[in-house]
Amino acid sequence: MSARVIASRLAQMVLVVVAVTMLAFGSMNFLGDPLCNIIGPICSEDSGEEFAEVRAEARAQYHLDDSLPVRYGRWLGDMATGDFGRSFENGTKVSTTLSNKLPITITLMVYAQILAVLVSIPWAVWSASRAYRAVDKASTVVSFGMLGIPVFALSVLLFWLFAVKWDIFPTRYEDATFGAQLKSLFLPALSLAVPLIATYQRLLRTDLISTLQEDFIAVARAKGLSNRRVLFRHALRPSMFSMLTVFGIQTGALIGGSLIVERYFSIPGIGAEVVEAIIRDDFPTVLAVVVVVTVIFVVVNFIVDLLYGFLDPRVQLDG
Amino acid sequence: MADTESPRTVAPPDEVPLENPPSIARQLGLGFWVSVAFLAVVILLAVLAPVLPLNEPTKIAVGDKFEGPRPGLWFGADGNGRDVFSLTIWGSRISLLVGLIAITIGFVVGGSLGIVSGYFRGMFDKVVSFIFVTLLSFPALILAILITTLLGNTVFWISASLGLLAVAPVGRLARAQTLVFAERDFIAAARILGASDGRIIVKELLPNVVIPMSALALLGMGIAIVAEGTLAFLGISVDDGLSWGKQIAAAGTTRVLREAPHVALFPISVLFLTVLCLNYAGDRIREVFDAKELSL
């Protein structure tokens, strides 16, 4: 990938992030009233003179009398210097909340991706090397079913089986040790991973089947290489394009999924936090999470683009 | 789309082209028609719920507390002795309605933006494409919760916020389809004959774009139903009224799961089968009409 292409991709990324911040900032200010979110029902002008001072104070403190573009510019500038503002709810710094909670959510998302890759790659290789036989068709049915199950329903199902009925995993989140954390995060991560496993398995299987018909595979087999070596060393890498593409896109699904599983399994991450923040109209927190999460999504997809060139050096990306 | 096949798909070896290709109904296969039949039953039950001889869904002590399934009380009773079967059927009404409205909004808005921008190209196309990229980069579930919370959790706003999420994927498919057909001879012919842009879009482009889009409509309907369930599960859904997500959330607590898992398992199964049938029917249509552009 040439420097020019990378530069134009980076520029587009910045534009997208700025557009997302405008959409988020705008929707909260047009659709809601920040003053009411800060001081509650006394924000209305006709709620009595005795609150006029409170109103004026809050307006001044949060610069609410400035025009929207000015406020947006100030907020963006603060954000760029790492100042995410303070929560409307309790005045704690949003950056503190983020640094406490973001690592948990990232651990959860990486955990889910690792589970998904660990299961889907061997499964896809296994089924592609038995393509169109009965066992492969049966496994295709299984993966199709896994795609259809909603994350929230799966969470309830897994929680019921493995935490309530068989008592293998804890019903509460614990993170006294890293081992305990991994154990409590297993069911949530698995709930997130199941649809990913199915997605990756389907894409990788299809691509592997077509790779296995190419000449260089015939050559590898003719050299007498073992079946395992042909599959994993020769066929796998050039077959990973589609899977890699959705790997980036699925980061978005994981972010949405983390809202669900964190709330259901009471995990103190930013997913559960943002749901709470939206419900209690805590806009600085919501905005900060939206920005962080969007940046993660855009950066992961950018890295995926860079990886194409690594998987197959013949790939040329255009700006 | 997550479940699309790669463009490099190779046909299974046993699929030799036939001299007389079977009818489309045959090609869609038994599974497709079983799915359609199941969906028809679900929709019929939802529509007819007020006139069916069901227990009132909100009536308590119809059965014993956490009573198991038995004839007459097919899905058992919940913690208040309410009829879970009746709750599931009444709950389907909001889930299906939201799915339907959301996907309609997504298709009307996204479809027309996609077709128009793909047909005229130029600056408008660039702006629309950028809007699509922005919408796709915005964390979807957060956007839906945000809009619903700010504008009110009514059926309309929930559907509208989920419809907004459908605009970008639908629009991108419609645009991709339009780009494919806009270059074809029959469009050029229509233009030479003096047809206006509006006429070409409606009479020539639209019919060709609709079939691959119908596959997406079924898949999208499944996604919208799951999204509504997710919102309800998170505690953000229609204030009064029942929905599958609410029902599953209420039954998903440790206490209920320990005493009476059937209260959760029945609505989960019905939701799962509904989404599965929508996915399968959409997938079959896509395969039969070979709409590989879905992956764009």
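A polar contact is a pair of N or O atoms within 3.5 Å; within protein, one must be able to donate a hydrogen and the other to accept it, and residues adjacent in sequence count only if both atoms are side-chain atoms. This is a predicted model, so local features need pLDDT of at least 70 and side-chain atom pairs count only at pLDDT 80 or more, while totals for chains, interfaces and linings use all residues. Residues are numbered from 1 along each chain as its sequence is written, chains are lettered from A and ligands numbered from 1 in the order in which they are written, and side-chain values use heavy atoms, with hydrogens and water left out.

**View 1. Where chain A meets chain B.** Here, 56 residues of chain A are in contact (heavy atoms within 4.5 Å) with 49 residues of chain B. Together the chains bury about 4,600 Å², 78% of it on carbon and sulfur atoms; buried area is the accessible area (1.4 Å probe) that two parts lose on being put together, summed over both. A:Phe144, A:Phe152 and A:Ile278 supply 15% of the area that chain A buries against chain B, more than any other three residues.

**View 2. Polar links between the chains.** Look for 2 residue pairs in polar contact between chain A and chain B (both at pLDDT 80 or more). The interface also has 1 salt bridge, meaning a side-chain nitrogen of Lys or Arg within 4 Å of a carboxyl oxygen of Asp or Glu. B:Asp283 pairs with A:Arg202 in a salt bridge, with the closest N and O atoms 3.7 Å apart.

**View 3. Two domains of chain A.** The domain assignment (automatic or from a database) gives domain 1 (3-80) and domain 2 (97-311). Their C-alpha centres lie 35 Å apart, and each domain gives 14 residues to the contact. A salt bridge joins A:Arg9 to A:Asp305, the closest N and O atoms being 2.3 Å apart.

**View 4. The largest nonpolar core.** A nonpolar core is a set of buried Ala, Val, Leu, Ile, Met, Phe, Trp, Tyr and Cys residues joined through side-chain atoms within 4.5 Å, where buried means under 20% relative accessible area, exposed over 50% and partly exposed in between (1.4 Å probe, protein chains only). The largest core has 164 residues, and B:Ile145 is among the members that touch the most others. Both domains of chain A give residues to this core, so it lies between them. Leaving aside neighbours within four places in sequence, B:Ile145 is in contact with residues including A:Leu259, A:Ile278 and B:Leu231.
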